[in-house]
Amino acid sequence: MSRTAYVNGAYVRQSDAVVSIEDRGYQFADAVYEVWSVFDGRLADLEGHLNRLERSLAELKIAMPMPRSALLVVLTEVVRRNRIREGMVYLQISRGVAPRDHVFPDNVRPAMVVTAKPVDRIAAAKKALAGITAKSMPDIRWGRCDIKTVGLLPNVLAKQAAREEGAGEVIFVDSDGYVTEGGSTNVYMIGTNGVILTRDLKANILAGVTRLTLLKLIAGTGLEIREVAFTLEAAKAASEVFITAATSLVMPIIAIDGHLIGDGKPGPVASALRDSYIIHARNTALV
Ligand SMILES: Cc1ncc(COP(=O)(O)O)c(C=O)c1O
């Protein structure tokens, strides 16, 4: 079945879909994006991603191309047309199309693209049962990683370097030796006292929507989580390390830079949190 994309007002065959060579997303990475996971044909953490989208757009002074209600129609229509039951939806909004000039063009309309693809949940579950490895890398990104822009070249290069070493994710480390976040995920460790740690949002990281939901879920358990900085060395010595994102949900990290975390197997806390997150996301997915 050929896939269908939404591109600036029309639903088109994805293989035929095109955007302008003067789209500012293409020329300047002047664009933001969001990714939702889809469970049973419905969008998980719907509101959280919409809230962050509006914030990212506002930070860049790009107007919402349409009201939330219309956006929802487009997102669900792309899911429906691609017959996605288990998968993900990608939304990208750029400042628009204009003759190349760094400063914002006048009267430009934002350009919007939505695509969707299926996810093999059984393969993902197997991956989580095995856990993945990570490679640490200096965090050389710009100072506004709180905005979810498509300017991802440092992330691309870091994730490629990880891949070339057989690692599944990058762990970015700031110039003081503290973990910031993953190449496309938020990072957590469990200290010797059983407390879960994750970097606070005052740091230059993205406020993960999965992170936000997980913090709320953890608050309803006996577990304690603190939003504080921790070093790469502390993470390597932790009993468990895991990451979260709409794409990987909750994923155990079993080794960093070849150093085993705990006994080198996914830990009980990460595995339980993955299950709780998936149950919650499935039960609260909307539209
Ligand atoms: C750099 C970075 N941090 C964190 C995340 C996790 O965010 P979310 O849970 O909203 O998917 C992502 C997701 O793409 C990301 O790119």
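Me: A helix here is a DSSP run of at least four residues, H or I, and helices are numbered from the N terminus. In which helix does Glu77 lie?
Reply: Glu77 lies in helix H3. One caution: the model is predicted.

Me: Why is Glu77 called buried?
Reply: Buried means under 20% relative accessible area. Glu77 has 17% relative accessibility, so Glu77 counts as buried.

Me: What makes the pairing of Glu77 with Arg80 a polar contact?
Reply: The cut-off is 3.5 Å between N or O atoms. The side chains of Glu77 and Arg80 meet at 2.7 Å. That pair therefore passes as a polar contact.

Me: How far apart in space are Arg81 and Ala116?
Reply: Their C-alpha atoms are 9.3 Å apart. Along the sequence, 35 residues separate Arg81 from Ala116.

Me: Which residues of the largest nonpolar core touch the most other members?
Reply: They are Leu71, Leu75, Leu91, Ile93, Met112 and Val114, out of 25 residues in that core. Strand S3 (31-39), H2, helix H3 (68-81), strand S5 (87-94) and strand S6 (111-118) each supply at least two core residues. H3 gives the most, with five.

Me: Which residues come nearest to the ligand?
Reply: Arg52, Lys148, Glu181, Val209 and Thr210, among 18 residues around the ligand. Two of these names return at the atom level. A polar side-chain atom of Arg52 is 2.8 Å from a ligand oxygen. A polar backbone atom of Val209 is likewise 2.8 Å from an oxygen atom of the ligand. Thr185 uses a backbone N or O atom, which is 3.5 Å from a ligand nitrogen.

Me: How much of the ligand does the protein bury?
Reply: Taken alone, the ligand exposes 390 Å², and the protein buries 93% of that. Helix H2 (46-59), strand S9 (179-182), helix H6 (209-219) and strand S13 (240-245) are the elements that give two or more residues to the shell. By class, the shell has five nonpolar, nine polar and four charged residues.

Me: How do you know that the ligand lies between domain 1 (4-119) and domain 2 (124-284)?
Reply: Both domains give residues to the shell around the ligand, so the ligand lies between them.

On to the loops.

Me: Why does Asn8 count as partly exposed?
Reply: To be exposed, a residue needs over 50%. Asn8 has 45% relative accessibility, so Asn8 counts as partly exposed. Asp40, with 32%, is partly exposed as well.

Me: What makes Gly220 exposed?
Reply: Gly220 has a relative accessible area of 70%, so Gly220 is exposed. Gly220 is in the loop between H6 and strand S12 (225-227). Its C-alpha atom is 36 Å from that of Ile140, 80 residues away along the chain.

Me: Why is Ala219 called exposed?
Reply: Ala219 has a relative accessible area of 64%, so Ala219 is exposed. Ala219 lies in helix H6. Its C-alpha atom is 24 Å from that of Leu129, which is 90 residues away along the chain.

Me: How do you know that Glu165 is exposed?
Reply: Its relative accessible area is 57%, so Glu165 is exposed. Glu165 is in the loop between helix H5 (153-164) and strand S8 (169-173).

Me: What makes the pairing of Glu165 with Lys135 a polar contact?
Reply: The side chains of Glu165 and Lys135 meet at 3.2 Å. The limit is 3.5 Å, so this pair counts as a polar contact. Glu165 and Thr133 are 9.9 Å apart, C-alpha to C-alpha, and 32 residues apart in sequence.

Definitions and conventions. Residues numbered from 1 in each chain as written. Heavy atoms only, no water. Near = heavy atom within 4 Å. Polar contact = N/O pair within 3.5 Å; in protein donor to acceptor, adjacent residues only side chain to side chain. Areas by Shrake-Rupley, 256 points an atom, 1.4 Å probe, with all protein chains shown as cover. Nonpolar A, V, L, I, M, F, W, Y, C, P; charged D, E, K, R; others polar. Domains from an automatic or database assignment. Core = buried A, V, L, I, M, F, W, Y, C linked by side-chain atoms within 4.5 Å. Buried < 20%, exposed > 50% of the residue type's maximum accessible area, 1.4 Å probe, protein only.
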